[in-house]
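Here is a brisk report on a structure with its sequence. Please have both in view while reading.

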There are 2 protein chains.
Amino acid sequence: MASRSNETKQRILNAAEKLFAREGFAGVTVRQIMREAGADVALAYYHFDSKRDLFDAVLMRRADYMNDVRHAALDAVEQRHQDDAPTIEEIIEAFTTPLLQLLAEDPDTWRDYFALIAQINNSPQWGGELMTRFFDPLVRRFIDAIRRALPDSSDADLFWCYHFLSGALTLTFAETGRIDNLSNGVCDSSDMDAINERLPAFIAAGFRHICKPQ
Amino acid sequence: MASRSNETKQRILNAAEKLFAREGFAGVTVRQIMREAGADVALAYYHFDSKRDLFDAVLMRRADYMNDVRHAALDAVEQRHQDDAPTIEEIIEAFTTPLLQLLAEDPDTWRDYFALIAQINNSPQWGGELMTRFFDPLVRRFIDAIRRALPDSSDADLFWCYHFLSGALTLTFAETGRIDNLSNGVCDSSDMDAINERLPAFIAAGFRHICKPQ
DNA sequence: AGCCTAATTCAACGTCCGTTGAAAGGCAAA
DNA sequence: TTTGCCTTTCAACGGACGTTGAATTAGGCT
């Protein structure tokens, strides 16, 4: 019966994730979420303290797993390079390809989550606080790895280049349909192969060009 | 007296821009906007048809001027290169530096607008439609210019690289405070010189690396 | 002065919001 | 079968929402 409780809790989180990703925190009502989840409104407040608490729970649910997968990808790179230094390409790929893997394994689950992260990252209201809270340890580890791959580059260069990466990455995984419109159908937001072929290489080239010994 | 009408209309638009930029469309009420503007609620519906119409008006007000400034910057580049082809660096700079100029000339005016654009660009709800409506002619002209600077590159490569540029650019100008937190104060969201030194070069390097003759 | 129109205020409409307390249902241990 | 706890439903609260129609003010024209 604790398992029955957890089942509905997950149903509520799924519904909330889907709707928050599409319309943002304020654009969704608790009643809409519970209608989507097929449960009574009051049940939301039995399982969560408030609408804001539910929002945080949606974010937290997948953050740990996603961070684990990316840490593991960087572990593998460092395992391969115990004596020499990995290239930035390898490091950036360890940062991005886990996202593509998650999406390949379970598209419906992760698409909404990535869209939500993109909105949060670009919101003055949430961006500073929430991204820091959920992702900073992982991001710092990646930046440290890049620093070793591009020795003597300045901290400011590294942080700014990561910021550009962050913007490109979150927009790309948000799948807003923008590139589909702009390109008149030549490109497809959800074409993960197309992204994998270009995004890591694009970003790595940018890092290489900016982060040089001074 | 038509001028008096236009004054308050601009006051309403200013208040709406500021609040929409911070909290998004759904996160703001018409009453909040009119309190900020120092006017009666009903006046919003005298000057605009609906909350959504006011939102569109906020976007439209600066879009034309911003597009003009960027078109002029590209005109200048093409004027300089009537015989030879400009470099991608020059073209990307013509795309980004107008934003820095606007921000330098009138920071309070443009900061909120850029933050709003960033949220829209990353929203599945608005991103596809609104960005297309307001910015596609300009963007297509820039992509055409880049195509001439990097001959024989594929359309897909060009559109994807522009997409990465778009994500990096909008997040950077959103000034969410994220990079300030991540870097423990080493970097400053609002340091436009730091951005100008790095963003165009970073992006140009990415284009160069991806968009090659096939 | 009086008039016409544009600009602004006032008061309210029906609806939906986030949230809650109390009651009902369901399952396990006794 | 009863007891007790966990889960779910029901009904409602005060307040705020987007929006509107009618009344009021203010300014330029005759």
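## Surface near DNA strand D

Start with the DNA. Helix 1 and helix 3 of chain A each supply at least two residues of the surface near DNA strand D, and so do helix 2 (30-37) and helix 3 of chain B. This is a predicted model. DNA strand D has 21 residues around it. A:Ser5, A:Ala42, B:Thr29, B:Ala42 and B:Tyr45 come nearest. By class, this surface divides into 12 nonpolar, 5 polar and 4 charged residues.

## Surface near DNA strand C

Now turn to DNA strand C. It is surrounded by 21 residues. The closest are A:Thr29, A:Ala42, A:Tyr45, B:Ser5 and B:Ala42. Four helices each supply at least two residues of the surface near DNA strand C: helix 2 (30-37) and helix 3 (41-47) of chain A, with helix 1 (2-23) and helix 3 (41-47) of chain B. The class counts for this surface are 12 nonpolar, 5 polar and 4 charged residues.

## How the two chains are related

Chain A superposes on chain B by a rotation of 180°. The shift along the axis is 0.0 Å, and the RMSD is 0.0 Å. The two copies are thus related as by a two-fold rotation axis.

Of the interface residues of chain A, 98% are also interface residues in chain B, so the copies meet through the same surface.

## The contact between chains

The contact takes 55 residues from chain A and 54 residues from chain B. On the side of chain A that touches chain B, the elements giving two or more residues are helix 1 (2-23), helix 6 (107-121), helix 7 (127-149), helix 8 (155-174), helix 9 (178-182) and helix 10 (192-210) of chain A. Helix 8 of chain A gives the most, with 15 residues. By class, this side of chain A has 26 nonpolar, 21 polar and 8 charged residues.

## Overall build of chain A

Chain A has 10 helices and 0 strands. From the N terminus on, its elements run α-α-α-α-α-α-α-α-α-α. Its C-alpha atoms fill a box of roughly 60 × 45 × 30 Å, taken along the principal axes.

## Helix 4 against helix 5

Two packed helices are described by the angle between their axes and the distance between the axes. Take helix 4 (residues 51-80) and helix 5 (residues 88-105) of chain A. Their axes come within 9 Å and cross at roughly 140°. That angle makes helix 4 of chain A oblique to helix 5 of chain A. The crossing of these two helices is right-handed.

Which residues of helix 4 of chain A meet helix 5 of chain A? They are A:Met66, A:Val69, A:Arg70, A:Ala73, A:Leu74 and A:Val77. From helix 5 of chain A, their partners are A:Glu90, A:Ile91, A:Ala94, A:Phe95, A:Thr97, A:Pro98 and A:Leu102. By class, the contact has 10 nonpolar, 1 polar and 2 charged residues.

## Helix 5 against helix 7

Helix 5 of chain A also packs with helix 7 of chain A. Their axes come within 9 Å and cross at roughly 170°. That makes helix 5 of chain A roughly antiparallel to helix 7 of chain A. Here the crossing is left-handed.

Helix 5 of chain A contributes A:Ile88, A:Ile91 and A:Phe95 to the contact. Helix 7 of chain A contributes A:Phe142, A:Ala145, A:Ile146 and A:Ala149. By class, this contact has 7 nonpolar, no polar and no charged residues.

Note on methods
Residues numbered from 1 in each chain as written. Chains lettered and ligands numbered in written order. Predicted model: local features only at pLDDT ≥ 70, side-chain atom pairs only at ≥ 80, totals over all residues. Least-squares fit on C-alpha atoms with pLDDT ≥ 70 in both. Contact = placed C-beta atoms within 7 Å. Nonpolar A, V, L, I, M, F, W, Y, C, P; charged D, E, K, R; others polar. Near = placed C-beta within 6 Å. Axes fitted to C-alpha atoms, helices over the stretch in contact; angles between N-to-C directions. Parallel < 35°, antiparallel > 145°, perpendicular 65-115°, else oblique. Left-handed = near helix turned anticlockwise from the far one by under 90°.
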